[in-house]
Amino acid sequence: MDKRVPCTFVSVWDGGMEVDSPAVFDPDTGVVSDIQLAQLPESVLNNLGILDRELVRVNGKEYEVRRNEDDTYS
């Protein structure tokens, strides 16, 4: 049975600017998939500098994520 749930993938830039994107989280495997591109103006995208951290929000809870060698997230 598929237990994947919708979530929000969040990348935090430059000490606090959050960029949110819809995604899907599998609680059994810990894998985050189907991450959509955030719709941001080009001026904002060009000014993003340092990626501080990445996380997912699922049902009001936050979980840190990491990028794996194969470009998947868990």
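Asp 34 is partly exposed in this predicted model, its relative accessible area being 42%. A partly exposed state is also assigned to Arg 4, at 38% relative accessibility. The side chains of these two residues, Asp 34 and Arg 4, are joined by a salt bridge with an N to O distance of 3.5 Å. Because Asp 34 belongs to the loop between β3 and α1 (42-46) and Arg 4 to the segment before β1, the pair ties together parts of the chain that lie 30 residues apart in sequence.

The setting of this pair is a protein with 1 helix and 5 strands. Read from the N terminus, the order of the elements is β-β-β-α-β-β. The C-alpha trace spans about 45 × 25 × 20 Å along its principal axes. Of the 74 residues in the protein, 30% are buried.

In total, the structure holds 6 salt bridges. One of them is formed by Glu 18 and Arg 57, whose closest N and O atoms are 2.9 Å apart. This pair links distant parts of the chain, since Glu 18 is located in strand β2 and Arg 57 in strand β4, 39 residues apart. Glu 18 is partly exposed, with a relative accessible area of 38%, and Arg 57 likewise counts as partly exposed, at 25% relative accessibility. Glu 18 and Arg 57 also take part, together with Glu 62, in a network of salt bridges. A further salt bridge connects Asp 71 with Arg 67, with 4.0 Å between the closest N and O atoms. Within this pair, Asp 71 is exposed, its relative accessible area being 55%, whereas Arg 67 counts as partly exposed, at 48% relative accessibility.

Asp 26 presents another arrangement of a charged side chain. This residue is placed in the loop between β2 and β3 (32-33). Asp 26 is buried yet has no salt bridge. The backbone nitrogen of Asp 28 is 2.8 Å from a polar atom of the Asp 26 side chain, and for the backbone nitrogen of Thr 29 the corresponding distance is 3.3 Å.

The largest pocket was examined next. The space in this pocket amounts to about 280 Å³. Its lining consists of 16 residues, of which Phe 9, Ser 11, Val 19, Ser 21 and Ala 38 are the closest to the centre of the pocket. At least two lining residues are supplied by each of β1 (5-13), β2 (17-25) and β4 (51-58). The largest share, 3 residues, is contributed by β1. By residue class, the lining comprises 11 nonpolar, 3 polar and 2 charged residues.

Note on methods. Residues numbered from 1 in each chain as written. Predicted model: local features only at pLDDT ≥ 70, side-chain atom pairs only at ≥ 80, totals over all residues. Heavy atoms only, no water. 1 Å grid on protein atoms, 1.4 Å probe; cavity = no way out; pocket = protein on both sides within 12 Å on 5 of 7 lines; lining within 4 Å. Points joined across faces, edges and corners; volume = space filled by probe spheres on them. Helix = DSSP H or I, 4+ residues; strand = E, 2+ residues; numbered from the N terminus. Nonpolar A, V, L, I, M, F, W, Y, C, P; charged D, E, K, R; others polar. Buried < 20%, exposed > 50% of the residue type's maximum accessible area, 1.4 Å probe, protein only. Lys, Arg positive; Asp, Glu negative; His and termini not counted. Polar contact = N/O pair within 3.5 Å; in protein donor to acceptor, adjacent residues only side chain to side chain.
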